[in-house]
Amino acid sequence: MSYRPSRVTRLDSMSDHTATTAGQTRTPNETQWDLWEVFTQEGEGAPHEHAGSVHATTAEHAMQNARDVYARRGKVVSLWVVPTESIVASAPGDAGPLFDPGNDKAYRHPQFYKVPRGVRGL
Amino acid sequence: MSIGNRQSGVGHREDPAETGPATRDGEWVAGARPSTATSGGSDNPAFEYVVRLADDRLVLGHRLSEWCGHAPILEEDIALANTALDLIGQASALLKLAGEIEGKGRTDDALAYFRDAIEFRNVQLVELPNGDFAVTTVRQFLFDAWDVLLLERLVSSSNATLAGIAAKALKEARYHLRHSAEWVRMLGDGTAESHDRAQRAVDTLWPYAGELFLTDAIDEQAVKSGLGVDVASFRSAWLETVERVLRDATLTRPADGFAPRGGRIGRHTEHLGRMLADMQSLARAHPGAAW
């Protein structure tokens, strides 16, 4: 159940110039079941949020383990389980090019704009 | 009491005219009615009926709790503990109700911790030692398949409290069954070793499942008053579920034969006493302690 982000399919850094072929190097481990990521939703319309991961052999098995580990306490109305290897992750080295927030351009952020009075449900 | 001389009834009075046909060796065939006069019995049939429901859950819940920290994988460790807590919660509610029906001021704790084995009314199936994971899984599956059918009917009990407990328990039991059935399939249709262990577990436990469907005067009275349900009425539905899952799991359903019985009147295997010694030791060492 330990969360091991290394099991996701991680793209190589752009600086390697091999970007699109990455991540297929997972070594099969005979003594471990596959890892699944678990997402829980706490109310209708709320987002499914990452809760953690479980080991399991099949989707049904993963769903049951997710229920027992993450959904028994607290309010959960929906569960997603996703094979960890199906998740494609960015490379830590690309944080600069991908996530530089551009704080110098305030108009890029929604908070820059004032909502007119009388507008509801925004 | 002499186990070697079953004809003597092992401390259990029998009147053939009243109890119906018995097989050789003094054991009882399906449909026969064992006497309810064994020691520890109560003269209140409604109390007896609810205690039977409670004790199945209390004993099985405690057995499952013994896996805590020992299950094959962490996820299953948590799953078994969840099921144990569900069952013990149901037992607690049922024993509280039983205490109210009895009207002698006994609480759920008093009934759980201060009765001896001979006063317990669970079927023998649930008191058997956990064995390997296959034994625990198959035992749970045989019980869950029965439990769902029982609770589906018990929600219509004439006793509103019992109906309410059943409604809550039914949701839990449906998940228990989904979980244990899936594990029976995975073990049976898994590796050669898991298949062999699962088949051995089925062969060992099958006779004990027979007791789940036996009825006596206590049950008949509970059915008549609307308090309880007739377990014999859903044996074929149970078989249908069990046979389907065993088939999916590539396991063979054993033939019906001799079925141990007596748990409902306080006759238990040697294993229950040891389990209770463990389960009750704290409460008996510190009576009335709260934590």
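Helix α1 of chain A covers residues 59–70. Its twelve residues reach 16 Å from first C-alpha to last, close to the 16 Å expected at 1.5 Å a residue. (Expected span is 1.5 Å times one less than the number of residues; helices are DSSP runs of H or I with at least four residues, strands are runs of E with at least two, and both are numbered from the N terminus.) This is a predicted model, in which local features need pLDDT of at least 70, side-chain atom pairs count only at pLDDT 80 or more, and totals for chains, interfaces and linings use all residues. Residues are numbered from 1 along each chain as its sequence is written, while chains are lettered from A and ligands numbered from 1 in the order in which they are written.

**Helix α1 of chain A**
- Ten of the twelve residues of α1(A) are buried, so this helix is largely enclosed by the rest of the structure.
- Buried means that 20 or more other C-beta atoms lie within 10 Å of a residue's own; exposed means 12 or fewer, partly exposed is in between, and C-beta atoms are placed from the backbone.
- Among the buried residues are His61(A), Met63(A), Arg67(A), Asp68(A) and Tyr70(A).
- The cover over the buried residues includes β2 (34–41), β3 (49–56) and β4 (78–83) of chain A, together with α3 and α6 of chain B.

**Where the chains meet**
- The contact takes eleven residues from chain A and nine from chain B.
- Two residues are in contact if their C-beta atoms, placed from the backbone, lie within 7 Å.
- On the chain B side, α3 (74–102) and α6 (160–188) each supply at least two residues.
- The largest share of that side, five residues, comes from α3(B).
- The chain B side divides into five nonpolar, two polar and two charged residues.
- Nonpolar covers Ala, Val, Leu, Ile, Met, Phe, Trp, Tyr, Cys and Pro; charged covers Asp, Glu, Lys and Arg; the others, Gly among them, are polar.

**Chain B as a whole**
- Chain B has ten helices and zero strands.
- Of its 291 residues, 43% count as buried.
- Take the contacts in chain B between residues at least 6 apart in sequence: 71% join residues at least 24 apart.

- Helix α2 (residues 45–65) of chain B has 21 residues and should span 30 Å at 1.5 Å a residue; its end C-alpha atoms are 30 Å apart, which agrees.
- 20 of the 21 residues of α2(B) are buried, so α2(B) is largely enclosed by the rest of the structure.
- Glu270(B) lies in helix α10 (residues 270–285).
- Glu270(B) is exposed, with 8 other C-beta atoms within 10 Å.
- The C-alpha atoms of Glu270(B) and Glu127(B) are separated by 9.3 Å, although these residues are 143 apart along the chain.
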